[in-house]
Amino acid sequence: MDLGAITKYSALHAKPNGLILQYGTAGFRTKAEHLDHVMFRMGLLAVLRSKQTKSTIGVMVTASHNPEEDNGVKLVDPLGEMLAPSWEEHATCLANAEEQDMQRVLIDISEKEAVNLQQDAFVVIGRDTRPSSEKLSQSVIDGVTVLGGQFHDYGLLTTPQLHYMVYCRNTGGRYGKATIEGYYQKLSKAFVELTKQASCSGDEYRSLKVDCANGIGALKLREMEHYFSQGLSVQLFNDGSKGKLNHLCGADFVKSHQKPPQDWRKFEYWCCTNCICKWKFNTVS
């Protein structure tokens, strides 16, 4: 561990005075301008976790349902699961350490977790479409490289896609191909097989209308369309061509405000007959 190089690079990603953050179920989330140092340090932590587990570790730059001005980061463990609770504590400690304490915290983590610093490390990285995500993703890469880790930057990905990539890489491809195409092929095949089991009649049930919350989902679902059967028509709304990410739309907006998303009159949503929430957003010209 080149502590001198880490200190030098850390100064380029300095921690704001007095800022305290907590790693939770969704990782770190706050205003994007406060996250540069966190991203750099999570790059460092991902390398240590990779060395300890002798596995590929994922880093996802996203704040999911949060407003566009926010951002966040979370680490993905070897089997595509959330970061182990003990390492969530390490993440919080490392993110909140003052600059002069960085070396000590890294050494403490390495010793407590018996990390073999000579072990190779590999990290995969993904990000959402927020304006801040590309720069913050580069800060993660800085952290990975300064600690001697190798990485693959997938660029724009949904969070489930990154989880998939990590799992595929750590199972030697037995779960699937660690590529965007591999993800689309596996997921679309399962979806088509599932729809064959649905008992429905009439062409109206062959149209799937999706609120994409003006985010990464629109890009990826558009890429995936041709993998579906010809009998399914996918129509995207709130697709990012206008409107801000998660503003008056998206799953969290509907849940929190108990009302349909922006442009809801374009949607037509049917629940199964035994479902409690028998909503139907009728198409209105």
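Where is Leu21 found? Hello everyone, let me start there. Leu21 sits in the loop between α1 and β1 (28-31); helices here are DSSP runs of H or I with at least four residues, strands are runs of E with at least two, and both are numbered from the N terminus.

A word on what we are looking at. This is a predicted model, where local features need pLDDT of at least 70 and side-chain atom pairs count only at pLDDT 80 or more, while totals for chains, interfaces and linings use all residues. Residues are numbered from 1 along each chain as its sequence is written, and side-chain values use heavy atoms, with hydrogens and water left out.

Back to Leu21. Is Leu21 buried or exposed? At 11% relative accessibility, Leu21 counts as buried; the cut-offs are under 20% relative accessible area for buried, over 50% for exposed, and partly exposed in between, with a 1.4 Å probe and protein chains only. If we set aside neighbours within four places in sequence, Leu21 is in contact with Phe28, Thr30, Leu35, Val38, Thr92 and Asn96, where contact means heavy atoms within 4.5 Å. The C-alpha atoms of Leu21 and His34 are 9.9 Å from each other, and the two residues are 13 apart along the chain.

Now the overall picture. The protein has nine helices and seven strands. Of its 285 residues, 46% are buried.

Next, the cores. In soluble globular proteins, nonpolar side chains tend to be buried together. A nonpolar core here is a set of buried Ala, Val, Leu, Ile, Met, Phe, Trp, Tyr and Cys residues joined through side-chain atoms within 4.5 Å. The largest one has 43 residues, and Phe28 and Met42 have the most contacts inside it. Two or more residues each come from α1 (3-11), α2, β2 (56-61), β3 (70-76), α3 (85-96), α4, β4 (122-127) and α5 (133-146). Which element gives the most to this core? That is α2, with nine residues. Beyond its neighbours within four places in sequence, Met42 touches Phe28, Val73, Leu75, Ala91, Leu94 and Ala95. Apart from this core lies another, of 21 residues, including Val166, Cys168, Cys212 and Met224.

Let's look at α2 and its packing partners. Two packed helices are described by the angle between their axes and the distance between the axes. The axes are lines fitted to C-alpha atoms, for helices over the stretch in contact, and the angles run from 0 to 180 degrees between N-to-C directions.

We can begin with α1. The axes of α1 and α2 come within 10 Å and cross at roughly 155°.

Then α3. The α2 and α3 axes are 9 Å apart, at an angle of about 145°, and their crossing is right-handed. From α2 the contact takes His37, Val38, Arg41, Met42, Leu45, Leu48, Arg49 and Gln52, and from α3 it takes Trp87, His90, Ala91, Leu94, Ala95 and Asn96.

And α4. Helix α2 (residues 36-53) and helix α4 (residues 102-112) have axes that come within 11 Å and cross at roughly 25°, so α2 and α4 are roughly parallel to each other. The residues in contact are Phe40, Arg41, Leu44, Leu45 and Leu48 of α2 with Met102, Leu106, Ile109 and Ser110 of α4.

Last, some backbone angles. Most residues other than glycine have a negative phi, and most peptide bonds are trans. Ser64, in the loop between β2 and β3, has a positive phi near 50°, and Ser64 is partly exposed at 28% relative accessible area. Asn246, in the loop between β7 (233-237) and α9 (251-257), has a positive phi of about 65°. Asn246 is buried, with a relative accessible area of 15%.

Terms used:
Angles under 35 degrees count as roughly parallel, over 145 as roughly antiparallel, 65 to 115 as roughly perpendicular and the rest as oblique. A crossing is left-handed if the near helix is turned anticlockwise from the far one by less than a right angle, and right-handed if clockwise.
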